Amino acid sequence: MPLSRRRFLRNMSMTGAAIRVGLPPLAAMFNANGTAYAATADAGADAAIQPRFVFWFNGNGIPERYWIPTETGTAYELTPCLAPLASVRDDVHVISGIDNPNARVTAPGNTHHKSMSALVSGTPYTGRGAGGASVDQVVAGAMRGESRFRSLQIGVCQESHGENIHRNLSWAGADRALPPEMIPHNLFDRLFGVRDQSWVSRKKSVLDAVREDLASLQPSLAQPDRHRLDEHLTSVRELERAIASLPSDYGKTLKEPEDVADLTDYPRIAKIQSDLVAHALASGQTRVASYMLTKCQSLVRLPWLGYTRLRHHDYTHTNAESPEGQRTMRDICRWHVEEFAYFVGRLKAIPEGDGTLLDNTCVVFAHEHAEANPHKDNGLALILAGHAGGMKTGMHSKMRNTVGDLYLTVAEEVFKLRLDKGFPTAEKKISGIV
Amino acid sequence: MAARIGTGCAGRTVCAVALIAIAAGLAATTTTRDVGAQQAVAGPISFSRTLYPIFEAAQCRGCHSDDGVASATRLHFPEPNATPDDIEAFGITLAVLVDRDDPSRSLLINKPTNRERHTGGVRIQPGSFEEQALTDWVRHLATLPAETIAAARDRLASASAPAARDQLLRRLTHSQYNNTVRDLLGDHSRPADRFPPEDFVNGFRNQLRTQGMPPLLAEAYGAAAERLALNAFRAGDVNGLVPCNPSGNRDVKCRDQFVKTFGRRAFRRPLDAEEVQRYTTLFTSQSAKTGRFLDGARVVVEAMLQSPKFLFHVERGDYEIASRLSYFLWDTMPDEALFEAAANGELRSGDGLERVARKMLGNPLARQAIDEFFAEWLRFDRALGSVKDRRRYPEFTPELAAMMVQETRLLLGHLVWDDGNFMEAFTADYSFLNADLASVYGLPAPSGEFERVRLPAGTHRAGLLGHASFLSSNAGPVETSPTARGIFVREQFLCQHVPSPPPGVNTEVPEPTIDRPLARRQRMQAHVANPTCASCHRLMDPIGFGLENYDAIGQWRDKEVIEFESARRNTPARTVELAIDGTGEIAGLAGGAFSDPKQIGRLLAESRACQECMVKQIFRYAFGRLETPADRETVKTAFTAFRESGFRFKELLVALVRSPQFLDGL
């Protein structure tokens, strides 16, 4: 079904009027030739739709008793934390029992640091950052995509202890953090900002000069220093690509998000960021995104839930095993799932080909810990969402695999990619994902 | 070799053959024959293979390392990547913890089993296989001749010789970027405040291993450069960046002059011919297009501000030293005088460097640089970002938080720039207050803004530990956090890293209940009752207990007040007042017990660990990395200079400038 303008407008307004939509008609927004994303009679058209990957995270852990369903299989009951998934129940696969073995390797740093590094990259914490590339970057690298942005990093809640490993979900390699864009306006401008031709040509000549400066420096430097400049060069190339492939019409289609006066109005910011990511994926600007709802070991306060006495991480260790403490954790984690469900719902609301964007997307939702208070790093509960590559959904599965096994399965089975080096801690692929 | 083996192995300690050979640096691996000989006798065979794994499993390294909480003891484990030979040598140096007359009284056996009070608790179970292995090793060590032990010690020392240069280019920090564009372009807009924030690594934001160039940052540099260049010439050349009067957009001479003059300041060294060519071409490409000279200048500024030669420190030779001095002591680019000093070769000798450095310390720019160090070391970001419960602390606002930070800045600034004893930071019986802060402290309002005020006799408040900036940022929205305050003291003031709780441990602190209202300290008893928790929490909590008389925003309180919300609306909340026990100790510090917050500051100020930590912190900031064994000599030299000057901070800075690390840029 071709994308109807009215339907799109209706979808947009579901976001709470965060984004206003104007002309021209939306058929133009998806890509320049208008074929890739519109269904045609041609049976091969779907082949042009490329699957997308989103790595979704929020900090601290969960109250297992309110999160992990008792039953496995399709006839499971949504637990209190998972209740917001009701509208997308058939689109998600709830997974429990995943181990994160490299969180236990002796390393500097606290349990959050260690679990986070091992969760995102499968490798032990270096004392400065993640020990290797994060799963979203491994997937982006293997996709060798030619989209405008190789990947996007998005964030929402800011509060944390401020260390590198707390604040970043995506890592290009050991100690190489890829910071998330936290400000909706900046993200909008990056994705949909309109530039005129003289801007583009000036920008290009500026980057040419920068590139020449980089090249002239390289020979005189020692190896580690050259690595650093290589990284700069890579970023310059990505900038050039982003400029060269500026979408011609998309920027006129979406209006800028309204100013968010309260920069800690996170439920609102989360939804705007979700909308923007969904549109970035829909318009083919990127195929890979990471979304950090809260920081690792998050210190966010939650006034919209009525919890103001402490910060999220404090709650996970204060009276946490008592019924009252568990209920607090339940409410907090249910909010995380609400935001996740909103995002999945947005993907599902955007038509693509014969189905929706969600049909061509795989979202992996993880925390750094299972039960939060004891910093549990085995038996992690994750959620997969979407139908890319024929993912199995509508069920809860208990597994005895590592995070590496899961990522390897996602990369190779869902995205049909080949990871030459496998994935750290991966031993075998998991059956039952696709 | 045979002779040494002879002296090393007496009686049943044939086992030591390989070890001693290794310790003396004579053999890297055990020969087959030696292994056979060792296995023939019961007892320790190879330290690295038998004993070392026991120590590692007991997690001794967590505290007993150069930056661990037991850094003041005689037991320091080698680096995690130590070679087996170094580990064997380390095993022999443990003889210092052995009582040769009565091995059963050795600290090496009685501390980890907690037979003698061990701050880290029981690490090796009495009566276990591990203890037996350790006892055998202790007995063996008791028989070793002094020269064998000395040889092992030498080997270990030489093992920590300087490593090969494993450095990466340093990038301008956000603070340096802001200051540099201010001095280069006259732009005060602080564009880096809107860049992706710098994250903390090793306690600072400038650690070079993680100073990368991710696409988002490159994009932010691009956007900032565009805006800065536009603003620089929006109203003509108001900041005098063009050193000549162009006769028109085709004035090649003026164009070249501009590229060379501006380029020298942007790249912090003269441009080479190739660069001049590149940027004049760029200039012309734009000025020819629009017909305006300043559009050419603008595009050059925009490009240079994104060049690696501006963003990274790639200068070499004299200009490299000039930049390093400037960014360390001023946190900004060199000025004309410093460029000239570099051009004249004045920075090539240690004495020349020192002369220039002392002069630079007289410039107000030095304050901004050292301020930035303080802001990161003391985590002012946390204080400024603190959020408190509005009902409980209505007076706490972002403005008040900024005043708290200002007080701390002023005290430290006073100590540094008025040549005070820097350790007074922990003991000062005066402070710099305004009316709002005085009210938090329960003192009469001073007549002026932030003027120096003597704290009244009988007050418990003294130095940094009494500053609201420290007390409030290490507390929750309502409650204090003795653990957080204790960790802060350990990490920032003693340079000791506290090990993390093992996974799977219940780390909860019970909330008070109306039926059982307990003070925070009592509620945290679980940390001490459970041995797994106690071994680490004993290091942190008791420091924080000593500060329990300060509430979550740093006000003095005689009682801990707990408010219980009423279950029913419109019924008043019930409050309970509990007595506060403010005694505590800094475990591991000789005479570390205290009964008053003032005494904590005194203990710190007088302890070598804290004094040396001041040196380590500025070292980490100055060089953008943690100190390694290869830096011990420099840290020691700087510490000596610092102490002998009566802890004058400027002398510490000068000592670092004169270090080989500074000259070599390591």
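Two strands are taken to pair if DSSP finds at least two bridges between them. In the predicted model described here, strand S2 (residues 92-98) and strand S10 (residues 380-386) of chain A are joined by 5 bridges and run antiparallel. One residue of this pairing is A:Val92, whose bridge partner in S10(A) is A:Ala385.

S2 and S10 belong to an open sheet of 7 strands in chain A, ordered S3-S6-S1-S9-S10-S2-S11, with mixed pairing. Its edges are formed by strand S3 (152-155) and strand S11 (395-398) of chain A, each of which pairs on one side only. From one strand to the next, the twist averages 15°. Helix H13 (residues 403-414) of chain A lies across S2, S10 and strand S9 (361-366) of chain A, and runs at about 175° to S9(A).

The largest nonpolar core comprises 158 residues. The residues with the most contacts inside this core are A:Val344, A:Val364, A:Leu382, A:Leu384, B:Ala297 and B:Val300. Helix H12 (residues 323-349) of chain A supplies the largest share of the core, 11 residues. Beyond its neighbours within four places in sequence, A:Leu384 is in contact with A:Val92, A:His93, A:Ile95, A:Cys362, A:Val363, A:Val364 and A:Met391. Another core, of 102 residues, lies apart from the largest one and includes B:Leu325, B:Ala366, B:Tyr441 and B:Val489.

The contact between the chains takes 57 residues from chain A and 52 residues from chain B. On the side of chain B that touches chain A, the elements giving two or more residues are helix H10 (215-233), helix H12 (273-290), helix H13 (293-304) and helix H14 (308-311) of chain B. H12(B) provides the largest share of that side, 6 residues.

Chain B contains 31 helices and 6 strands, and 49% of its 666 residues are buried. Along the principal axes, the C-alpha atoms of chain B fill a box of roughly 95 × 80 × 45 Å. Of the contacts in chain B with a separation of 6 or more, 64% are between residues 24 or more positions apart.

Within chain B, B:Asp381 is found in helix H19 (residues 380-385). B:Asp381 counts as partly exposed because it has 16 C-beta neighbours inside 10 Å, whereas a buried residue would have 20 or more and an exposed one 12 or fewer. The C-alpha atoms of B:Asp381 and B:Val69 are 25 Å apart in space, and the two residues are 312 residues apart in sequence.

Note on methods:
Residues numbered from 1 in each chain as written. Chains lettered and ligands numbered in written order. Predicted model: local features only at pLDDT ≥ 70, side-chain atom pairs only at ≥ 80, totals over all residues. Helix = DSSP H or I, 4+ residues; strand = E, 2+ residues; numbered from the N terminus. Contact = placed C-beta atoms within 7 Å. Core = buried A, V, L, I, M, F, W, Y, C linked by C-beta atoms within 7 Å. Axes fitted to C-alpha atoms, helices over the stretch in contact; angles between N-to-C directions.
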